[in-house]
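Please read the points beside the sequence and the structure.

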Amino acid sequence: MAHNIKFIVFGFAFVIIVLLTLAAITQLVGLAFKQPEKPKPAPVAKAPAPAAEAAPVPAEDEMDSALTAVIVAAAVHAVIGDQPHRILSIRPSQSGWAQEGRRQIFSSHSVR
C-alpha cells in the first residue's frame, strides 16, 4: 500500500513539474513575440461648444451613414490598432448567413 501511495505522489509531482515547465516556456515565447507598446499622445482638450448655438439635427439617412462609418472605423481600429488604414467602401451584407444556414440544413436531409 505504501508503495502505491509513493508512486501516486511522485507521479502527481512529475505531472505538476511538467505543467509548470510548459507554462514557463509559453510565457517566454509570449514575451519574445510581444511588441513594445507605443507611447500614447496626451489628449488634447477641446473648448466647450457655446450653449446658445444648437447643432442641426441630421436627416435620418445622414445619421445612419455617419453611425455606420463610426462603427466601421471603430471595428477597424480594434482589429489593426494604430496602423494607418483607409476605409474604401461600406456595403450592406446580403443576408448570406441565413441563406447559407438553410442550404446546409436542406443539404443534410435526403430526398425520399
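1. Secondary structure. The chain of this predicted model contains three helices and zero strands. Followed along the sequence, the order of elements is α-α-α.

2. Confidence. The mean pLDDT of the chain is 78, and 75% of the residues reach at least 70. Helix α1, residues 2–33, has the highest confidence, with a mean of 94, whereas helix α2, residues 60–80, has the lowest, with a mean of 76.

3. Geometry of helix α1. The 32 residues of α1, at 1.5 Å a residue, should span 46 Å.

4. Burial. Of the 112 residues in the chain, 0% are buried.

5. Surface. The accessible surface of the chain is about 11400 Å². Carbon and sulfur atoms account for 67% of that surface.

6. Largest pocket. The volume of the largest pocket is about 320 Å³. Which residues line the largest pocket? The lining consists of Q35, P36, E37, K38, P39, K40 and P41, together with I80, G81, D82 and Q83. Classified by type, the lining comprises four nonpolar, three polar and four charged residues.

How values were computed: Residues numbered from 1 in each chain as written. Predicted model: local features only at pLDDT ≥ 70, side-chain atom pairs only at ≥ 80, totals over all residues. Heavy atoms only, no water. 1 Å grid on protein atoms, 1.4 Å probe; cavity = no way out; pocket = protein on both sides within 12 Å on 5 of 7 lines; lining within 4 Å. Points joined across faces, edges and corners; volume = space filled by probe spheres on them. Nonpolar A, V, L, I, M, F, W, Y, C, P; charged D, E, K, R; others polar. Helix = DSSP H or I, 4+ residues; strand = E, 2+ residues; numbered from the N terminus. Buried < 20%, exposed > 50% of the residue type's maximum accessible area, 1.4 Å probe, protein only. Areas by Shrake-Rupley, 256 points an atom, 1.4 Å probe, with all protein chains shown as cover. pLDDT = per-residue confidence, 0-100. Expected span 1.5 Å × (residues − 1).
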